[in-house]
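Subject: Handing over the model

Hi,

Here is the structure I said I would pass on. Have a look at it first, and then read my notes below.

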Amino acid sequence: MMPEMPVNPASAPKSPERSAVRVLLRLWPYVRPVRGRWLGAAVVAVVASCLSLVIPLVLKWMVDGPVAERDPGGVWRGALYLLLLGVAEALLFGFRRWLVARPLSAVEAGMRADLYRRLQRLPIAFHDRWASGQLLSRGTTDLMLVRMFLAFPLTFLLVNGVTILAGYVLLIAQDWSLGLVLLTPVLPLVIVCSMFETRYGTVARRAQDQVGDLTTVVEESVLGIRIVKGFGRHRSQAESFRALSERLRGTELVKARLLAMIWAVITVVPELAIGAALVLGTVQVADGDLSAGTLVAFLSTALALRWPVESIGFLLAMSQEAATATERYFEVMDAEEEPDTASPTASTEDGPGGVRFEGVTFRYPDAPDDAPPVLDGVDLHIRPGETLALVGGTGSGKTTLTALVPRLHEATGGRILLDGEDIALMERARLRTLVSMAFEEPTLFSASVGENVLMGAGETAAEPELERALGVAQADGFVGRLPEGSATQVGEQGLSLSGGQRQRLALARAVVGRPRFLILDDPLSALDVHTEARVEAALREVLRETTALVVAHRPSTVMLADRVALLSRGRIAAVGTHQELLRSSQEYAWLMSGENQEKR
Amino acid sequence: MTETLPEQKPADGAPPSDPFDQDDLPAPHGATGALLRSLLSAHRTRVACAALVLLVKEAAVQAGPLLVAYAIDRGVPAFRAGDHGPVVAVALGYLLCAALSGLLQYVFVRGAARVNQDVLLDLRGRIFRHAQVLSVDFHERYTSGRLISRATTDVESLRELLSEGLQELVGVVLSFLSISLVLLWLDLGVGAVAVVSFAPLYLLIRSYRRRVGEVYTHRSTAIAGVIVKFAETMNGIRPVRAFRREEANDAEFAVLNRRHEHSNGDALLEMARYVVGSRLVANTAVAGMCLWGAYRVADGSLELGVLAAAVLYMRRLYDPIDRLGMFLNSYESAAASLAKIAGLLAQEPGVPETTTPLSLPRRTGTPGRQVVFDGVRFAYRTGGEVLPRFDLTIPAGQTVAVVGATGAGKSTLAKLLARFYDPTEGRVLLDGVDLRDLTTPDLRRGVVMVTQEAFLFSGTVAENIAIGRPDATRDEIEAAAKAIGAHDFIANLPDGYDTDVRKRGGRISAGQRQLVAFARALLADPAVLILDEATSSLDVPGERAVQQAMDTVLAGRTAVVIAHRLSTVEVADRVLVMDSGRIVEDGTPQTLVTADGHYAGLHQAWRDSLVG
């Protein structure tokens with residue numbers, strides 16, 4: 001809604017001396033597997049260009065030789081040569097494209113797959129900071145720029161560079177003094193180009209970041225569509241979008257102005273040199289120092305170099321855009337993955353069973369320094385097989401505490417033991433098979449109901465487990481009525497379910513694998529009273545077999561638990577049964593009944 | 001380029017596959033071309049100017065060889081004769097041409113970019129505005145990922161066409177025309193060979209367009225699939241991690257990614273085929289022309305000099321053939337994307353805004369308004385009747401609680417009242433005015449709905465609350481937050497109300513988000529407030545605060561409350577129990593509790609849930 005603030009923690013490039021070349025060199029690991037084909041294509045491109053230069057020579061030879069001499073055999077031979085050369089040229093052109101067609105698409109896809117893989121494994125805290133639109137634009141438009149760079153500018157910078165060099169050698173060989181005249185613009189052009197590169201890079205980067213912001217607004221406008229509609233804000237939403245797109249348009253126009261300028265300079269400066277050479281040459285011819293034929297040959301070579309030189313402007317621009325896109329890509333790829341302190345020989349201390357929090361502290365890595373920690377020395381023990389309810393005011397850190405157990409966030413201090421084993425020393429994958437969770441917000445993925453639920457279980461789980469879990473969550477009834485039962489597609493690309501239905505499926509997912517440890521974050525909030533009662537009854541059976549932590553907002557949920565812990569100001573303020581706490585803790589009584597107002 | 005753009009075939013008969021699943025929304029015949037024309041029509045003059053600039057620039061560039069010829073033919077003898085005039089003229093002429101071509105290049109690039117960017121701005125705006133008007137129902141099926149794809153990658157492919165297309169097209173047409181004419185003028189026979197060679201070229205181009213067009217349609221669908229999966233994973237990163245979905249996701253993503261990679265490769269290979277084919281035709285034609293010309297020279301019916309000139313032009317005739325290929329490539333890519341965009345734009349908004357608005361009568365007495373459902377029937381377009389026939393009158397200022405099982409039609413009732421949908425039959429009236437006759441601003445001053453999903457937009461907390469009323473002052477925003485009990489937690493955020501919800505320390509729990517959503521509603525101060533399970537994540541004190549705010553800040557408003565918690569229902573003036581789209585019980589909470597009905601049962605269950 002408020003696009004004035006670009007949501008991008010790393011928008012501006014930091015080091016001023018970043019060089020496009022150095023950034024682009026980072027692409028090497030991705031290009032390496034296809035280097036043979038790419039190089040082959042570059043060689044073919046050079047050969048094809050040479051061939052294209054030979055064809056006019058053959059034409060000239062035909063006109064001057066066989067045609068002029070009226071030699072029919074020679075004419076046929078010439079035409080045959082032409083045809084053969086033509087066929088070779090056509091095949092080489094196609095060959096070059098064929099060589100790189102699949103590999104370059106593979107480079108792009110490989111980079112995208114790597115980005116996706118990396119993003120799935122970056123800390124949750126990273127995702128909290130980055131708007132997904134920024135991540136998406138890196139995975140789409142930025143990578144397309146990189147592919148285009150590898151396909152076109154990289155090859156043609158090489159081919160044109162070789163052509164220009166060869167051209168200069170020819171020019172200087174033909175007449176060194178006139179050749180030197182044509183060399184004079186090289187230095188100023190190099191300076192102008194490098195200045196252009198820096199400025200263009202900055203603007204290109206800005207444009208790419210703005211595309212990311214735009215992506216974010218589009219995404220949010222869909223995710224928040226009910227709010228937009230509920231408040232009739234689609235017009236102001238459209239205005240924000242327009243403001244952002246206008247900003248992007250402004251940046252693109254700055255880019256165009258820079259490109260126009262460099263292109264004009266690159267067009268004019270060599271032309272001036274050619275003009276000077278023409279005048280000087282004419283004078284030399286007039287003075288008899290130079291033959292007219294040499295001058296013509298010299299100038300046609302110079303004119304032939306026009307396109308390779310002119311094209312450098314936009315080739316540089318495209319390379320620069322690819323460089324900033326690469327930079328954006330690696331900003332994500334350089335973020336640290338969570339280190340997995342895998343110690344397969346885990347320390348199975350003979351500690352007490354269940355879940356034990358020992359002096360657990362937590363502050364978000366990006367929290368301001370003066371902010372108090374969210375959790376400040378939590379000591380808590382959930383006995384094996386016990387169900388503990390966690391109660392606390394809004395924003396007291398209940399959800400944060402639950403996120404520490406499967407290590408979605410890492411505790412900053414203290415430790416958490418599962419059956420005596422420190423979770424910090426466990427492999428995450430193993431930890432997460434032990435601990436199952438139902439989140440506050442029930443997210444379903446684009447898959448069938450059955451697949452969504454069975455995500456919570458091991459590979460072997462199948463129909464019986466699914467049915468049991470759906471039964472526990474009282475979801476068997478509505479699932480049975482779906483068009484294709486548990487094979488019905490749900491999630492973003494499927495049937496949309498009500499909040500209560502989603503919550504029940506998320507609950508089923510949490511219990512389907514009969515986890516040793518179960519964490520439920522306010523699991524019944526969206527259920528109606530009747531369903532809630534039925535789910536509670538069924539859930540009790542499940543909770544009997546597992547050690548569970550249940551975040552509770554109201555007495556009905558607390559009833560699931562054997563004991564209750566009250567979380568207040570980052571610590572466990574009290575532990576006891578519901579009745580004990582109602583009597584002993586005013587805060588608890590207030591949270592449970594909303595009455596007892598003297599607390600406020 | 002006289003052919004029409006490729007169209008998506010309108011779905012005929014009973015479609016076995018859902019167009020939404022296939023990302024293949026039908027666009028009416030001709031819509032793609034019409035879209036492109038309507039985008040460009042506003043810029044016709046500027047496009048023409050740009051083309052003209054390009055033309056003059058080409059002329060300035062082509063003057064170079066002429067000046068060389070002039071310098072050698074005239075300048076040298078004159079200089080020898082002591083007349084420096086022609087050489088000076090050449091120097092000046094060359095200077096002028098160089099300056100002119102540079103200047104025109106500059107003007108063209110900037111001018112073309114301006115047109116280009118204006119078109120893109122227009123198109124992005126159209127997509128976004130249209131998407132905003134489409135129903136919630138639509139968005140639930142279309143997904144945010146596809147819309148992102150339409151507004152970014154699909155727009156991007158039009159950008160490629162516009163930024164290079166004009167220059168290439170003008171260049172190609174110019175060369176083909178001028179050189180063909182020159183050849184025909186030099187020698188009719190040689191010219192005829194050139195013209196004849198256009199026939200296979202035409203066939204080649206046609207087949208290329210058809211084939212690559214298909215590839216690009218696939219590609220556009222494929223990249224949207226990639227984006228949808230990507231967005232879904234990022235938005236659900238917590239469950240992804242907790243349930244160890246990473247590897248399964250990698251595998252699923254690989255399939256989608258590979259499909260896109262494959263289309264990309266296909267497109268490049270089509271281009272390779274085209275280049276080989278067109279070069280073969282061109283080079284064969286050149287050889288043929290040479291042969292023909294050489295025999296004519298041998299006959300003596302053609303001058304050697306003419307053949308020499310013709311031969312030089314022949315090669316140049318086919319030079320732009322690759323550029324034509326590139327143009328066609330970006331054209332087809334853009335056409336495939338535009339077809340998808342046209343399909344989106346062709347979707348009818350479920351609730352069109354009225355062109356002849358009526359205004360609401362001034363409120364008298366209570367700030368609330370009367371709500372009437374008059375013979376309302378509602379069925380989703382996908383089939384399945386939800387509200388069979390429904391009559392209901394809610395007097396101004398009344399708080400009505402609606403209870404019933406999932407699927408009883410409670411949310412549909414709320415959505416009809418909020419005009420997320422229009423009834424299939426009948427009317428929904430606000431103070432006697434049909435909702436369909438109200439402008440959006442009037443409607444939203446009248447009716448506001450708070451839903452269960454408390455989404456926060458990126459931006460500050462204050463900005464998020466201000467969605468309720470964009471012109472609200474900071475004091476009003478804070479007052480709304482205070483009234484709902486959200487002030488304390490907001491004040492404790494690192495930057496208070498100015499905390500960016502995505503930046504340092506801006507984490508906000510589900511319960512807190514619902515409070516922010518309520519603050520929005522308070523700020524909007526509607527005549528009718530709809531709460532659709534809007535308190536589910538609140539704890540008991542939070543729920544109390546909401547009730548208090550409704551009693552004080554929103555006193556006298558008409559309210560429709562859909563809630564599971566009967567604590568909210570108890571304070572209602574009236575309770576409706578719904579079942580299968582019908583009202584089965586209607587009365588005050590007190591009377592319904594004593595009656596032996598559905599509500600009494602619910603109430604008993606709720607009371608049981610409270611004990612302990």
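A quick word on terms before the tour: I call two strands paired if DSSP finds at least two bridges between them. Helices (H or I, at least four residues) and strands (E, at least two) are DSSP runs, numbered from the N terminus. Keep in mind that this is a predicted model, in which local features need pLDDT of at least 70 and side-chain atom pairs count only at pLDDT 80 or more, while totals for chains, interfaces and linings use all residues. Residues are numbered from 1 along each chain as its sequence is written, and chains are lettered from A and ligands numbered from 1 in the order in which they are written.

Let's start with chain B, where strand β3 (residues 399-403) and strand β9 (residues 574-579) run parallel and are joined by four bridges. Within that pair, B:A401 has B:V575 of β9(B) as its bridge partner. β9(B) is also joined to strand β10 (residues 582-587), this time antiparallel and through five bridges. There, B:M578 sits opposite B:I583 of β10(B). β9(B) and β10(B) make a hairpin with two residues between them, and B:S580 in the turn has a positive phi of about 50°.

Stepping back, chain B has 20 helices and 10 strands. Its radius of gyration (taken over C-alpha atoms) is 35 Å, well over the 25 Å that the globule rule (2.2 Å times the number of residues to the power 0.38) gives for 612 residues, so chain B is more spread out than a compact globule. Along the principal axes, its C-alpha atoms fill a box of roughly 120 × 55 × 55 Å.

The unreviewed UniProt entry lists residues 47-72, 84-108 and 192-209 of chain B as "transmembrane region"; the positions are in the numbering used here, feature names are shortened, and annotations may be inferred rather than shown by experiment. In the model, residues 47-72 of chain B are 100% helix, with their end C-alpha atoms 39 Å apart. Residues 192-209 of chain B are 100% helix too, with 26 Å between the end C-alpha atoms.

Over in chain A, look for an open sheet of four strands, in the order β2-β1-β4-β5 with antiparallel pairing. Its edge strands are β2 (375-382) and β5 (421-422), each pairing on one side only. Strands β1 (residues 355-362) and β4 (residues 413-418) of chain A share five bridges, and A:R356 has A:L417 as its partner in β4(A). A:T361 stands opposite A:G413. β4(A) and β5(A) form a hairpin with two residues between them, where A:D419 in the turn has a positive phi of about 45°.

So how do the chains meet? In total, 157 residues of chain A are in contact (C-beta atoms, placed from the backbone, within 7 Å) with 150 residues of chain B. Helix α11 (residues 234-287) of chain A gives the most to chain A's side, with 30 residues.

Cheers

Conventions:
Contact = placed C-beta atoms within 7 Å.
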